Amino acid sequence: MNKFPEHFVFGAATAAFQAEGALLEGNRGKNYWDDYLKEQGMFDPSLASDFYHKYPEDLELCRTFGINGLRISIAWSRIFPSGVGKFDPSGVQFYHKLIDECIANGVEPFVTLHHFDTPLSLFEKGDWLSQKTIIAYVDFAEFCFKEYGNKVNYWITFNEPWSVVAGQYIIGHFPPNIKYDLPKAIQAMHNMMVAHAKVVEKYKKAEYLGEIGIVHILESKYGITNHLEDTRSARKEHILANQFLLDATYRGHYAEDTLENIEEILRENKGVLKTTREEFEMLAYAADQIDFIGVNYYASHFVKAYIGESTIHHNGTGEKGSSRFALKGVGERVNNPEVPTTDWDWPIYPQGLEDMLVFIKERYPNYKKIYVTENGMGEKDVLCDKQVQDDSRIAYIFVHLKAILKAIERGVNVEGYFVWSLMDVFSWTNGYKKRYGLFYVDFKNQNRYAKKSAYWYKKISNSKLLE
Ligand code: BG6
């Protein structure tokens, strides 16, 4: 089969902080990245891709290139500069205009409420480890539903809880830069799922006509050999990064095999997970009500048994072979010589996407539908004569679309695909040099240039045929 269903969404994705720039525009408050990136001397996020001003042009590109769905996110601190309290009318207006522009161009907006960007004031009070953030987030979400709920058909509560907590408390490349604290990561992940559930409840009880879901990064884990110790380590990483969140999403509780493994990891890392009966009631309600999930997929991992302290090195430069990821009580990611990797050491393994989609269908038969909400290839693209020959990106997207078609054939209900990213945006931990866009952005003057992949994607979106 090489044909997608007629209603299949061919979309692209952005995130507010990575795309908008205009950090001083309106009364916007800071999120936890603003000062951090400057203090660390990493890169300047203040211009980004100037989406704040250039969104009409970008939406026109969507229309011209057959992109009929766009993931955008609402920057919480543009609406509530200090996370709570008084809203900023200019921030509220900006998202009205942006959503209207999507609709005017025939582009369905998929709107995320939190894409890695907790307002600074709440971050300083403990972020997702604090009930304060959960309460404020629910209020923010409710505000957005009331404001935009009659024109947004697809809401996403969170983008990638796993990436948030792994970045903040395990890898330590997201503020507050804590490393190897698995108990904190697991607690924050649970709390985010409770916040998600509370927001789903607000949305559903107010009887809006649209749909609501959550986006998870779901990357398959395989033992590097068939030895029991390696497959067990792979399974542990899968449970920690994937199944824990999927159980919360679709079952409303953690199944026995999930809990057993999580408790083992917590024991090894000297921590406990605190939960309450009310939280599980809330999770169960949301599990029953949720309309869809978004799967973000970039890579799979090959895992070997590991005894020792956690040791992680993040490849933030694109220098091949410089990463290391070994987790105490879990396992170590290793190179599979048969699987190619990107310059950032991410294994390119489309089979992992097919396997994950089938896993969701089989383990959670109550799932309704799936969108692949991010997939794409980070490259050091070069603009030459106003063109970018990004054949490797085309090849990457091709094999992943193929994997989706195979999953559909195996009975998984996948209804759309979103390339990360629409235009080049900065990468949180790699800056402006890691480009994913269908459209090249010259960051000196913010001009856009369609890459070869944009023309290719247009053909597929128009014909629904993968050839
Ligand atoms: C996803 C995020 O995890 O991966 C995006 O939702 C991010 O915001 C994308 O940019 C690519 O990651 P990176 O680190 O290569 O920019």
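Colleague: In which loop is Glu207 placed, and what is its phi?
Modeller: This is a predicted model, and the angles below are computed from it. Glu207 lies in the loop between H9 and strand E5 (211-217). Glu207 is not a glycine, yet its phi is positive, at about 55 degrees.

Colleague: Which residue is joined to Pro176 by a cis peptide bond?
Modeller: Pro176 belongs to the loop between helix H8 (161-170) and helix H9 (182-205). The cis bond there has an omega of about 10 degrees, and the partner of Pro176 in that bond is Pro175.

Colleague: Where is Ser421, and is its peptide bond from Trp420 cis or trans?
Modeller: Ser421 sits in the loop between strand E13 (414-420) and strand E14 (439-442). For the bond from Trp420 to Ser421, omega is near 10 degrees, and the bond is cis.

Colleague: In what order do the eight strands close into a barrel?
Modeller: The pairing in the barrel is parallel. On average, neighbouring strands of this sheet are turned by 25 degrees against each other, direction ignored. The order is E1-E2-E3-E4-E5-E7-E12-E13.

Colleague: Are H13 and H14 roughly parallel or roughly antiparallel to each other?
Modeller: Helix H13 (residues 350-363) packs on helix H14 (residues 391-409) with the axes 8 Å apart and at an angle of about 30 degrees. H13 passes H14 in a right-handed crossing. Angles under 35 degrees count as roughly parallel. The two helices, H13 and H14, are therefore roughly parallel.

Colleague: How many of the residues in the contact of H13 with H14 are nonpolar?
Modeller: From H13, the contact includes Leu353, Leu357 and Val358, and from H14 it includes Val399, Ala403 and Ile404. Among the others are Glu354 in H13 and Lys402 and Lys406 in H14. The contact has three charged residues, two polar and, as the number you asked for, eight nonpolar.

Colleague: How many polar residues are in the shell around the ligand?
Modeller: The ligand is surrounded by 15 residues, and the closest are Ala15, Asn159, Ser163, Gly378 and Ser427. Gly counts as polar here. By class, the shell has four nonpolar residues and three charged ones, and the polar residues number eight.

Terms used. Residues are numbered from 1 along each chain as its sequence is written. This is a predicted model: local features need pLDDT of at least 70, side-chain atom pairs count only at pLDDT 80 or more; totals for chains, interfaces and linings use all residues. Two strands pair if DSSP finds at least two bridges between them. Helices (H or I, at least four residues) and strands (E, at least two) are DSSP runs, numbered from the N terminus. Axes are lines fitted to C-alpha atoms, for helices over the stretch in contact, and angles run from 0 to 180 degrees between N-to-C directions. A residue is near a molecule or strand if its C-beta atom, placed from the backbone, lies within 6 Å of it. Angles under 35 degrees count as roughly parallel, over 145 as roughly antiparallel, 65 to 115 as roughly perpendicular and the rest as oblique. A crossing is left-handed if the near helix is turned anticlockwise from the far one by less than a right angle, and right-handed if clockwise. Two residues are in contact if their C-beta atoms, placed from the backbone, lie within 7 Å.
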